[in-house]
Amino acid sequence: MNLSSQEKLVPLQAKDFRSDLKPIWCPGCGDFGVLQAIYRALAAVGRPPHEIAFVSGIGCSSRIPGYTTAYGFNSVHGRALPIAQGIKLARPDLLVLVAGGDGDGFSIGGGHVPHAIRRNLDLTYIVMDNQIYGLTKGQLSPTSPRGLKTPTSEYGSLEDPVNPLLYVLAYGAHFVAQGTPADMPGLAEMIEAAIRYPGFSFVNVQSPCVTFGDEQSQVKHHRAIMKSLASVGHDPSDRLAAMGLAQHYGTELHTGVFYRNPTPPPSLDALVIERQKAMAGTGLPKERILDAFLQK
Amino acid sequence: MDDLVIGMAGSGGDGIVSAGESLIAAAAYEGYHAMMTKSFGSQVRGGESSCRVRLSTRRVHNPGGNLDVAVALNWEDFLKFGAELPVSGTTVVIYEAKTGIAPAAIPLPGVTPRDVFPVPITDMAKQAAGSDKAKNTVVLGLIAGWFGIARESILRGLSKRFASKGAALVQANERAFALGEQFAREHPLSTPRAMDRPPASSGTKLLTDGNDMCAAAAIFGGCTFFGGYPITPSSEVMQFFTGEVWKYGGAALQAEDEMAGIGAALGASFAGKKAMTATSGPGMALKTEIMGLASIAELPLVILDVQRGGPSTGIPTKPEQSDLFMAAFSAHGDVLRPVLAPTSVADTFDVTVEAFNVAERYQTPVIILSDQEVAQRKETVDPIDTSRFVIEERRQPTDVELEDYARFRQTEDGVSPISHPGMRGGNYQGAGIEHNEHGNPTASGKMHAAMNEKRFRKLAPLRRRRELFHIQGNESARLGLVAWGSIAGVCREAMERATAEGLDVKLLVPWLVYPVAEEIYRDFFASVRAGFVVELSHQGQLYRILRMYTEVPRGVTSFCRSGANPIQPGEIVAQLRNAAAALQQPVTSIASED
């Protein structure tokens, strides 16, 4: 993230990013913790709210931009990433955050993820992964474990889940992390690091659904099983090791940075700015653009 | 002779289209009015290809009807184009002698053209250039020889085109051209048909197609962002942007799919930039959801739909006017979305600039409904004075308004000042969910009704903009034509011919095809007793929409047919003649309506 336009000398606080809107989430929803972590991360990064564009899709978690004071865009199901990329390409000076659920990101919008990764615009994508469709009252999601019983899988799901971590690593994401609201300060640090990373960064948050999620996915259970990647001696610059650990998605709860490319390539927005600079003034003046068609 | 229509067909490698390109470029340079359409089989390479070039000393409105000159490099390919290359008794027919078909036996049942010339085109090319690749240059020589067109300019164009490939190739092509001319001199037409020179006042022209014109107009209108996905026949718009937009401080994105293309464009608009996307029917279907988002989020956005034959894949390379229902109505919820249709390459400029102005002024998605013919035909255009265009910008909040900012504030005209990220105090949430004036989600029926009313109210002035409608002919005429898009050009010529015949007829061409401007149609139809809404679609979609919103006189019917079946001006004139005759009859049922 480019911090050059950081203009405020008065430090921003988490409360500066909190809007007056009361979340619609169920009491105890994991997304409350994610929201707190985002407030903290944004305060630490220090860009004022009006320089932030926060885009989401549809779902419980996609309500999140409205609970911040940033410019928000609660768009349509699955299309948060394309909209966010348009914003970043049009206005590379903005801090662009994208958020949504596992259905938004890995089911209906799944086709956009690989392209956001390979394009590598400098934005941060936070998925609140609860393994369920909460807003529509508890159906199977793309990350629901095999065997899960839901209103659309009365006898247990017969399908394997998507592995979001392995998926984004395989597509070449340069920054991949996972957190849980069970460790909110850790999650805030992780989101801050993702925002500061110059390029596309991905944070998967295991964010429990208290209403439709199973017991194994609740915060209480997270506290018991979560294991920081640092504690298992993981080197986040080792992409293959990250993929090895990511295979345990769904059985273990690793938190921390799976992969962080220590030599990040230039982001697309940086390349676009370079191209714009190199080509500025080489076109016909706009009012004479039709001269290009004159038969000379 | 002041008007000449040439149709040529061959197989992919024959260079027939590049012969057409040379001819129209030379014509534009000389100051002729000209138009060129290309038509291909569906193969990417090889297969049949054809082009039609119309040259005139007067302004032309369409690529013409029957051919004055037909060139067949082989008959099999020529015949595949059917009604697109219609031959009559006065057509000069030129064909490759190598086909071995006798002039009396050419496969054109029902017509016996007076002048039929088998020409050893391949042999002449080989003789002149040592290669049959110069066949198209021989054809140019034949046409220049018989019709006296643009000799120097064609040669000049050839030498420019081949300059980079060496002097030897330039000379070979000059020899091929000379052989063609010589053949024409040695085989005169039954009646000489030399083309008139364009008037001296007719200066050098612009030469381009509707897609490039649209993209250039968009950049002129201030567009700095394009997001899209390749699709025939609109991809040239994205190609223009990806080549040019960086020079104007903008960016373009070839997205992973149609939804992402329009999504990125909408994002750019949210971020404060003028943005567009371009597609054709199948892409429109996929973009529909985000068009709905643009409507409720009240974000300016221009969507170009270059119509082709449908439904589904349909006929991707041929024109049709069958996306109007989709453009006007495809949405969930109550949506009013302006639809503007260009009728020519020239007015694609005006319509595109207007589309951006409407989008920005009313904070709405606007559809430019072009079609394959307007988009891909080449046309000479008189230089356009860009200083006569006003470029509108979205209404931004003042500092005072930012002190107590509400993004969707109910204003008198329904247009609320719009902020964008980076603007301090303008922070708001854009959303597809229904919202109150501050942009906060609501499920209140009262608020929903108020917001729907606002989103419709702000567009009300659009239907009263008479400059978006072009009416020609006698105001009190009893015969009336209505036409939109590329077919309007056919009707303009039909109007001229019918008027010359003494028929009392008028023509209405809307640039704004939706919403329907009730008052303008009511005034137009007031004197009309009979007539036609002319369209290139099976259903006649504008006719049906007009009947939804206005009183269409009983004598006005739909004259339409499926795409890829061109309508000729002569057919419309014949229809008008019949209608006029019927009005002469003392039919009591019509009279009693007066």
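1. Two residues are in contact when their C-beta atoms, placed from the backbone, lie within 7 Å. With that in hand, take the contacts in chain B between residues at least 6 apart in sequence: 75% of them join residues at least 24 apart.

2. A word on the model before going on. This is a predicted model, in which local features need pLDDT of at least 70 and side-chain atom pairs count only at pLDDT 80 or more, while totals for chains, interfaces and linings use all residues. Residues are numbered from 1 along each chain as its sequence is written, and chains are lettered from A and ligands numbered from 1 in the order in which they are written.

3. Now the overall form of chain B. Along the principal axes, the C-alpha atoms fill a box of roughly 85 × 70 × 45 Å.

4. Chain B has 20 helices and 21 strands; these are DSSP runs numbered from the N terminus, with helices being H or I of at least four residues and strands E of at least two. An automatic or database domain assignment gives domain 1 (3-186), domain 2 (207-388), domain 3 (395-464) and domain 4 (466-591).

5. Helix 1 of chain B deserves a look. Of its 15 residues, 14 are buried, so this helix is largely enclosed by the rest of the structure (buried means 20 or more other C-beta atoms within 10 Å of the residue's own, all placed from the backbone). B:G31 follows the helix, with a positive phi near 100°.

6. Where do domains 2 and 3 of chain B meet? The centres of these domains, over C-alpha atoms, are 25 Å apart, and their contact takes 15 residues from domain 2 and 14 residues from domain 3. On the domain 2 side, helix 10 (281-296) and helix 12 (345-362) each give two or more residues, and helix 10 gives the most, with 3 residues.

7. Finally, the chain pairing: the contact takes 55 residues from chain B and 44 residues from chain A. On the chain B side, helix 9 provides the largest share, 9 residues. Strand 2 (residues 71-74) of chain A runs parallel to strand 15 of chain B, joined by 3 bridges (strands pair if DSSP finds at least two bridges between them). Within strand 15 of chain B, B:Q429 stands opposite A:G72.

Notes
A residue is buried if 20 or more other C-beta atoms lie within 10 Å of its own, exposed if 12 or fewer, and partly exposed in between; C-beta atoms are placed from the backbone.
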